[in-house]
Amino acid sequence: MSLPLLPGRECGGCVECCRVIPLDLPELAKPTGELCAYCVDGAGCRVHAIRPQTCRTWFCLWRVIELSDEWRPDRSGIVVRPDGIEDGVITLFVVRRTEMLASPELFGVVAGWLAEGIEVALSVPGPVGSYPARAVVTDWLRPAIEAGDPAAFAERVIRSLDRLAQHDWQADGITARYAVEG
Ligand code: SF4
Ligand code: SF4
């Protein structure tokens, strides 16, 4: 899927998608959660000019929708995933717990999405090489949002993440293969 990107917004030092996204291509296969061997942590792709097509078209929603700089995934710990957006679901993939989870910023943005009729899912990574856990939590978060209660909202987010972390992880079955450079 290729979504129109916000002009002027760049990944900068973020490389989260080069870690979290599984790839199983002829020239590049890497298990979920393994930082791609072509990635220089904090700097980016060292095979940028010849990177696979999938890498050219996959962007998190921070590159697509109006979210503040603090939402950049390496700062917020949240990769806002694009998959599901066509069905009206936005997935917050929480790769690291940061202050963002209890912030008025997160509360306000999620409240805005719910007001627009967008569903919200939370997701957490499992061990390297396993699929993440994910659950739609719109109805679970809604009472705290309707009450205008950011503290109750944050508590519900944390409880969801704790529950997801107990998931019965399934292996993605991907064996690493790095052959982009031939
Ligand atoms: S090839 Fe480059 S863009 Fe693709 S996952 Fe690896 S480091 Fe990231
Ligand atoms: S997760 Fe988003 S901001 Fe970070 S490198 Fe990927 S596309 Fe760029």
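Reader: How do you know which space is taken by ligand 2?

Author: In this predicted model, ligand 2 takes up the largest pocket. A molecule sits in a pocket if more than half of its atoms lie within 2 Å of the pocket's grid points, and ligand 2 is assigned to the largest pocket on that rule. Ligand 1 sits in the largest pocket too.

Reader: What makes up that pocket, and how much space lies in it?

Author: About 640 Å³ of space lies in the largest pocket. Its lining has 31 residues, and Cys11, Cys17, Cys18, Cys55 and Trp58 are the ones nearest its centre. Helix 1 (17-20), strand 2 (28-30), strand 4 (44-45) and helix 2 (53-57) each bring at least two residues to the lining. By class, the lining splits into 22 nonpolar, 4 polar and 5 charged residues.

Reader: What makes a residue part of the shell around ligand 2, and which residues are there?

Author: A heavy atom within 4 Å of the ligand is what counts. The residues surrounding ligand 2 are Cys11, Cys14, Val15, Glu16, Cys17, Phe59, Cys60, Trp62, Arg63 and Pro73. That shell has 8 nonpolar, no polar and 2 charged residues. Glu16 and Arg63 belong to the shell, and they are the charged ones because Glu and Arg count as charged.

Reader: How does the shell around ligand 1 divide by class?

Author: It has 10 nonpolar residues, with no polar and no charged ones. The residues are Cys18, Leu23, Leu28, Cys36, Tyr38, Cys39, Cys45, Val47, Pro52 and Cys55. Cys, Leu, Tyr, Val and Pro count as nonpolar, so each of these residues falls in that class.

Reader: Why is Cys17 called partly exposed?

Author: Its relative accessible area is 29%. Buried would mean under 20% and exposed over 50%, so Cys17 lands in between. Cys45, also with 29%, is partly exposed by that reasoning.

Reader: And what makes Arg97 count as partly exposed?

Author: Arg97 has 44% relative accessibility.

Reader: Where is Arg97 found, and what separates its C-alpha atom from that of Ile158?

Author: Arg97 is in the loop between strand 6 (89-94) and helix 4 (104-115). Its C-alpha atom is 9.2 Å from that of Ile158, though the two residues are 61 residues apart along the chain.

Methods:
Residues numbered from 1 in each chain as written. Chains lettered and ligands numbered in written order. Predicted model: local features only at pLDDT ≥ 70, side-chain atom pairs only at ≥ 80, totals over all residues. Heavy atoms only, no water. 1 Å grid on protein atoms, 1.4 Å probe; cavity = no way out; pocket = protein on both sides within 12 Å on 5 of 7 lines; lining within 4 Å. Points joined across faces, edges and corners; volume = space filled by probe spheres on them. Helix = DSSP H or I, 4+ residues; strand = E, 2+ residues; numbered from the N terminus. Buried < 20%, exposed > 50% of the residue type's maximum accessible area, 1.4 Å probe, protein only.
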